[in-house]
Amino acid sequence: KGDQKSASTAFDLTDKPMNPPKFEMCTDMSLLSYLNEGGILHNLKSRYQANCIYTYSGLFCVAVNPYKRFPIYTEVVINNYRGKKKTEMPPHVFSIADNAYADMLQNRENQSILITGESGAG
């Protein structure tokens, strides 16, 4: 009615400031100049279209379900991430796991990893 927006304008993000081109395909969205819905969605979409399904957002790792299999869960990939800092390799769930394991060994403190998502999303 009077206060309701139509579906075509409810998600119109064109009036929001966008990030400079140097942030295109940014691996860590906490570094974006404009951390708004449009900037985040644009970055995730650009990375997804380039088959980059993992993106950091500060301490978090965002995964976008590709609805197809990628060869990114092999022993070779695991070994590529082993012992590396988060910033040394592209975003990946293996980086999160390896860094948590290293922190557990080094600091002798328990670690926890929270995984959330839609039911049946993956």
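A residue is called buried when its relative accessible area is under 20%. Ile-53 is at 6%, so Ile-53 counts as buried. This structure is a predicted model. The chain has 122 residues, and 24% of them count as buried. Four helices and two strands make up its secondary structure.

**Overall layout**

- Along the sequence, the elements follow the pattern α-α-β-β-α-α.
- The accessible surface of the chain comes to about 9400 Å². Carbon and sulfur atoms hold 55% of that surface.
- Take the contacts in the chain with a separation of 6 or more: 30% of them join residues 24 or more positions apart.

**The strand pair**

- Strand β1 covers residues 54-57, and strand β2 covers residues 60-63.
- The two strands pair in the antiparallel sense, over four bridges.
- Within this pairing, Tyr-56 stands opposite Cys-61 in β2.
- β1 and β2 form a hairpin, with two residues between them.
- Gly-58 sits in the turn and has a positive phi of about 70 degrees.

- Ile-53 belongs to the loop between α2 (37-49) and β1.
- Beyond its neighbours within four places in sequence, Ile-53 is in contact with Val-62, Ala-63, Val-64, Pro-66, Phe-70, Ile-72 and Tyr-73.
- Pro-66 is 13 residues away from Ile-53 along the chain, yet their C-alpha atoms are separated by 6.8 Å.

**The nonpolar core**

- The largest nonpolar core has five residues: Phe-23, Cys-26, Met-29, Leu-32 and Leu-44.
- Cys-26 is in contact with Leu-31, Leu-32, Asn-43, Arg-47 and Thr-55, leaving aside neighbours within four places in sequence.

**Asn-43, a buried residue in α2**

- Asn-43 lies in helix α2.
- Its relative accessible area is 2%, so Asn-43 is buried.
- Not counting residues up to four places away in sequence, Asn-43 touches Phe-23, Glu-24, Met-25, Cys-26, Met-29 and Thr-55.
- Among these partners, Phe-23, Cys-26 and Met-29 also belong to the largest nonpolar core.
- Thr-55 is a contact of Asn-43, and Thr-55 is a contact of Cys-26 too.

- Met-25 has a phi near 60 degrees, a positive value in a residue other than glycine.
- Met-25 is placed in the loop between α1 (7-10) and α2.
- With a relative accessible area of 28%, Met-25 is partly exposed.
- Arg-108 is not a glycine either, and its phi is positive at about 55 degrees.
- Arg-108 is found in the segment after α4.
- Exposed means over 50% relative accessible area. Arg-108 reaches 77%, so Arg-108 counts as exposed.

**A nonpolar surface patch**

- Tyr-101, Met-104 and Leu-105 form a nonpolar patch on the surface.
- Together, these three residues have about 300 Å² of accessible area.
- Tyr-101 lies in helix α4, which spans residues 93-107.
- Partly exposed is the range between the buried and exposed cut-offs, 20% and 50%. Tyr-101 has 48% relative accessibility, so Tyr-101 counts as partly exposed.

Conventions: Residues are numbered from 1 along each chain as its sequence is written. This is a predicted model: local features need pLDDT of at least 70, side-chain atom pairs count only at pLDDT 80 or more; totals for chains, interfaces and linings use all residues. Side-chain values use heavy atoms; hydrogens and water are left out. A nonpolar core is a set of buried Ala, Val, Leu, Ile, Met, Phe, Trp, Tyr and Cys residues joined through side-chain atoms within 4.5 Å. Buried means under 20% relative accessible area, exposed over 50%, partly exposed in between (1.4 Å probe, protein chains only). Contact means heavy atoms within 4.5 Å. Patches are made of residues with over 30% relative accessible area and no salt bridge: like charges are joined within 9 Å, nonpolar side chains (Val, Leu, Ile, Met, Phe, Trp, Tyr) within 5 Å. Accessible areas come from the Shrake-Rupley method with a 1.4 Å probe; for residues, only the protein chains shown count as cover. A salt bridge is a side-chain nitrogen of Lys or Arg within 4 Å of a carboxyl oxygen of Asp or Glu. Two strands pair if DSSP finds at least two bridges between them.
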